[in-house]
Amino acid sequence: MAGGLAVVSSFALIGAGHSAYNHGLSLANLFYGAISGILVFCVPILAFAILMAILSKRVR
């Protein structure tokens, strides 16, 4: 749980820093960057993990 939270927060920080660097430092840009960082990196990983869990149950 803590490892997953660390991964999600690191992607959020990467996204926030990237957005602030490219679009200027403001609270809205930090929030937008954090949300987009989570969506871009964590959602595909989560979808892949769910797909692998479903497929592994069908094989058994």
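This is a predicted model: local features need pLDDT of at least 70, side-chain atom pairs count only at pLDDT 80 or more; totals for chains, interfaces and linings use all residues.
**Helix 1, length check.** I started with helix 1: its 22 residues at 1.5 Å a residue should span 32 Å, and the end C-alpha atoms sit 31 Å apart, so the two agree.

**Helix 1, buried side.** Next I looked up which residues of helix 1 are buried, and I got Phe11, Ala12, Gly15, Ala16, Ser19 and Ala20. They cover an arc of only 165 degrees around the axis, so they lie on the same side of helix 1. Then I turned to the face pointing away from that buried side, where I found the exposed residues Ala2, Leu13, His18 and Tyr21.

**Ser19.** What does Ser19 touch, not counting residues up to four places away in sequence? I listed Gly24, Asn29, Tyr32 and Gly33.

**After the helix.** Gly24 turned up again when I checked what follows helix 1. Its phi is positive, near 100 degrees.

**Aromatics.** I searched for aromatic pairs and the structure gave me one. Phe11 and Phe41 make up the pair, and I noted it as stacked, with 4.7 Å centre to centre and 15 degrees between the planes. Which parts of the chain does the pair link? Phe11 is in helix 1 (residues 2-23) and Phe41 in helix 2 (residues 27-59), 30 residues apart, so I wrote it down as a link between distant parts of the chain.

Phe11 has a relative accessible area of 17%, so with the cut-off for buried at under 20% I put Phe11 down as buried.

**Whole chain.** Last, I zoomed out. I counted two helices and zero strands in the chain. For 60 residues, a compact globule would have a radius of gyration near 10 Å, but I got 15 Å for this chain. The C-alpha trace spans about 50 × 20 × 15 Å along its principal axes. How much of the chain is buried? I have 18% of the 60 residues down as buried. The accessible surface comes to about 4,800 Å², and carbon and sulfur atoms account for 78% of that.

Technical notes: Residues are numbered from 1 along each chain as its sequence is written. Side-chain values use heavy atoms; hydrogens and water are left out. Helices (H or I, at least four residues) and strands (E, at least two) are DSSP runs, numbered from the N terminus. The radius of gyration is taken over C-alpha atoms; the globule rule is 2.2 Å times the number of residues to the power 0.38. Buried means under 20% relative accessible area, exposed over 50%, partly exposed in between (1.4 Å probe, protein chains only). Accessible areas come from the Shrake-Rupley method with a 1.4 Å probe; for residues, only the protein chains shown count as cover. Rings of Phe, Tyr and Trp (its six-membered ring) pair if their centres lie within 6.5 Å; planes under 30 degrees apart count as stacked, over 60 as edge-to-face and the rest as tilted. Contact means heavy atoms within 4.5 Å. The expected span of a helix is 1.5 Å times one less than its number of residues. The arc is that of the directions from the helix axis to the C-beta atoms.
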